[in-house]
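The sequence and structure are shown first.

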Amino acid sequence: MPQFVDTLRSVLQFQPRESDADLRRLRKAANVEDLRTMARRRLPRGVFDYIDGGADAEVSLHRNSQAFRDLEFKPRVLCDVASIEISSQLLGRPVAAPFALAPTGFTRIADPQGELAVARAARRAQLPYTLSTLSTRSIEEVAAANSGSKWFQVYMWRDRTVVKSMLDRAAACGYEAAMLTVDTAVFGKRDRDARRGFALPPKIGPSTLIDGALHPRWTLDLLRNEPILFSNLIGADVSDGTEAVQLADISAQFDQSVTWDDIGWLRDNWQGSIILKGIQTVADAELAASHNVDAIALSNHGGRQLDGSPAPITLVQPVAEAVGGNIDIICDGGIRRGSDIVKAIALGATACTIGRAYLYGLAAAGERGVDHVLEMLRTDMLRTMALIGARTLNDLTPGLIAQHHP
Ligand SMILES: Cc1cc2nc3c(=O)[nH]c(=O)nc-3n(C[C@H](O)[C@H](O)[C@H](O)COP(=O)(O)O)c2cc1C
């Protein structure tokens, strides 16, 4: 019997119960997929599907992540990895790690603080935050919440005076880069949204009433806080003025006649760095470099625009061989672990950007959920580098990566 008590005592371990429900939840989240599961429980299905879903048959959405899993490491051992450094330079400025936060419109549907929560977490992690044109917190509000590195995402709209005025506001607020999204001549078709009748700004109607009632915390948050609007467009003349700007007003603004010549317009109206987001071929990467932009984001909009577009990670090496050194190369789409970032850097990317990964964290546990994701990605990177024998980002080379053939 005393033996039994001793053994029991040696194996029993009670942690004090965490009183904060968000922190309790985060303790159990080992990875981004766990946070996605939590987000699915907390959000109405329509909202979750808007964030989680992709265009058409969602082939590109799934390929974006699968293409990372199809890459294997060729790890080296006995390399003295006692000290590992992942701080880096992006657009000529220091960053704590080679990744940044991609623009995601309508962030307040995931959490009432929305873009402010994400921008604050990015600032704490010393990573650049990109504010979407279609954000639910304004250029000025986000700048007040984040004195660190910020980029502003724009579309080339028909009404250039609206774009120009947003660029001027971003410049006045210290945003360092304009990220022009070029994969959105028209909106992609998202089958999940069509099926659920999902609308932006969100509406509670007969089809969404039950969905909202089943997620009372989200619904109460929605009703308790100020209306969710396209904050940057309040007062801008892009709707018929009868009600707040709707998504249909936005899609009517997309200028389908834009060409490479219009990059000149952006140059003339923006003094900071320029990033082209949505490059999907080597040929367009070369054109971008010849138009003297500072960076390109290899991206298919997280599989939300053209279904059947290539997974960005598959473009990194050929694009780096074509234009690397002349221009920063960002790999955007499908990143769920720090090891994905290590793979992209090894193949020649300067940095990566993440979208859904931080949105799942935000939806699961608010601002601390975003902190948790950024910290997981950073520690994943350090662990992966130790295990493959790389001390610095310069040690990451294509020789460390192989295509996995099942
Ligand atoms: C809910 C949501 C909203 C998005 N909104 C925008 C946007 O307003 N502008 C833009 O350029 N990209 C937008 N994107 C695309 C992201 O910037 C990024 O390219 C994509 O999320 C990367 O893929 P990942 O989610 O797999 O990381 C959005 C993505 C999501 C998931």
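Phe 187 lies in the loop that runs between strand 7 (177-181) and helix 9 (191-196). From Phe 187 to Thr 107 the separation is 80 residues in sequence and 18 Å in space, C-alpha to C-alpha. These values, like those that follow, are computed from a predicted model.

**Overall architecture**

The protein contains 17 helices and 12 strands. Its C-alpha atoms occupy a box of roughly 80 × 55 × 40 Å along the principal axes. The radius of gyration is 22 Å, which agrees with the value near 22 Å that a compact globule of 406 residues would have. Of the 406 residues, 47% are buried. Among contacts with a separation of 6 or more, 73% are between residues 24 or more positions apart.

**Helix packing**

| Helix pair | Crossing angle | Axis separation |
|---|---|---|
| Helix 16 (residues 338-347) and helix 17 (residues 356-388) | about 60 degrees | 7 Å |
| Helix 14 (residues 282-290) and helix 15 (residues 312-323) | roughly 35 degrees | within 9 Å |

Helix 16 and helix 17 pack at about 60 degrees. Helix 16 is therefore oblique to helix 17, and the crossing of the two is right-handed. On the side of helix 16, the contact is made by Gly 338, Ser 339, Ile 341 and Val 342. These residues meet Leu 377, Arg 378, Thr 379, Asp 380, Met 381, Thr 384 and Met 385 in helix 17. By class, the contact of helix 16 with helix 17 comprises 5 nonpolar, 4 polar and 2 charged residues.

Helix 14 likewise passes helix 15 in a right-handed crossing. Helix 14 contributes Val 282, Ala 285, Glu 286 and Ala 289, which meet Pro 318, Val 319, Ala 322 and Val 323 in helix 15. What is the class composition of the contact of helix 14 with helix 15? Its residues divide into 7 nonpolar and 1 charged, with no polar residue.

Definitions and conventions:
Residues are numbered from 1 along each chain as its sequence is written. This is a predicted model: local features need pLDDT of at least 70, side-chain atom pairs count only at pLDDT 80 or more; totals for chains, interfaces and linings use all residues. Axes are lines fitted to C-alpha atoms, for helices over the stretch in contact, and angles run from 0 to 180 degrees between N-to-C directions. Helices (H or I, at least four residues) and strands (E, at least two) are DSSP runs, numbered from the N terminus. Angles under 35 degrees count as roughly parallel, over 145 as roughly antiparallel, 65 to 115 as roughly perpendicular and the rest as oblique. A crossing is left-handed if the near helix is turned anticlockwise from the far one by less than a right angle, and right-handed if clockwise. Two residues are in contact if their C-beta atoms, placed from the backbone, lie within 7 Å. Ala, Val, Leu, Ile, Met, Phe, Trp, Tyr, Cys and Pro count as nonpolar, Asp, Glu, Lys and Arg as charged, and the others, Gly among them, as polar. The radius of gyration is taken over C-alpha atoms; the globule rule is 2.2 Å times the number of residues to the power 0.38. A residue is buried if 20 or more other C-beta atoms lie within 10 Å of its own, exposed if 12 or fewer, and partly exposed in between; C-beta atoms are placed from the backbone.
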